[in-house]
Amino acid sequence: GSMEPTYYSLALRDYLLTKSNILGATEQERATLLYRGGLRIHTTLDPFMQAQAEAAREILPPNSVGFDAAVVSVDTPTGAIRAMVGGRGIRPDEPGGEVNMALVPRQTGSSIKAFILAAAFQAGA
């Protein structure tokens with residue numbers, strides 16, 4: 001059966017088709033294998049963490065100025081992505097409706113300062 005696309009599943013599809021040669025040497029080979037069916041793909045997604053990330057995203061009320069939120073939960077020792085929310089939901093009928101804000105490069109802003117400070121203290125500064 002067909003499932004609704006999620007930011008995670010679209011990112012996984014993009015990875016398998018364009019950023020990896022796990023499924024074949026050419027994009028055509030990869031697409032044929034991916035869409036032919038019969039594959040069993042195991043991911044690092046944690047359904048509980050995904051539900052929590054989606055609930056956290058929903059705290060942001062709808063607004064007319066375009067504010068949105070994105071969440072990525074990464075297991076730092078392994079790099080495994082446990083949850084991914086790229087915005088208010090995939091809307092293929094809208095321009096930019098499939099943009100995954102969790103993966104789009106952005107300016108980090110002031111939130112990064114706490115991490116830099118913590119790393120400096122950890123390094124003995």
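Reader: In this predicted model, what is the relative accessible area of Asp68?
Author: The model is a prediction. Asp68 counts as partly exposed, because its relative accessible area is 26%.

Reader: Which residue meets the side chain of Asp68 in a salt bridge?
Author: Asp68 lies in the loop between α3 (47–57) and β1 (71–75), and its partner lies in helix α3, so the pair ties together parts that are eleven residues apart in sequence. The N to O distance is 2.6 Å, and the partner is Arg57.

Reader: Is Arg57 buried or exposed?
Author: The limit for a buried residue is under 20% relative accessible area. Arg57 has 7% relative accessibility, and therefore counts as buried.

Reader: How far apart are the closest N and O atoms of Lys19 and Asp14?
Author: Lys19 is exposed, with a relative accessible area of 57%, whereas Asp14 is partly exposed at 32%. The two residues form a salt bridge, and their closest N and O atoms are separated by 2.4 Å.

Reader: Which residue forms a salt bridge with Arg82?
Author: Arg82 is partly exposed, with a relative accessible area of 25%. With the closest N and O atoms 3.0 Å apart, the partner is Asp75.

Reader: At roughly what angle do the axes of helix α1 and helix α2 cross?
Author: Arg13, Leu16, Leu17 and Thr18 of α1 contact Glu27, Arg30, Ala31, Leu34 and Tyr35 of α2. The axes of α1 (residues 7–19) and α2 (residues 27–36) come within 8 Å, and their crossing angle is roughly 140°.

Methods
Residues are numbered from 1 along each chain as its sequence is written. This is a predicted model: local features need pLDDT of at least 70, side-chain atom pairs count only at pLDDT 80 or more; totals for chains, interfaces and linings use all residues. Side-chain values use heavy atoms; hydrogens and water are left out. Axes are lines fitted to C-alpha atoms, for helices over the stretch in contact, and angles run from 0 to 180 degrees between N-to-C directions. Helices (H or I, at least four residues) and strands (E, at least two) are DSSP runs, numbered from the N terminus. Contact means heavy atoms within 4.5 Å. A salt bridge is a side-chain nitrogen of Lys or Arg within 4 Å of a carboxyl oxygen of Asp or Glu. Buried means under 20% relative accessible area, exposed over 50%, partly exposed in between (1.4 Å probe, protein chains only).
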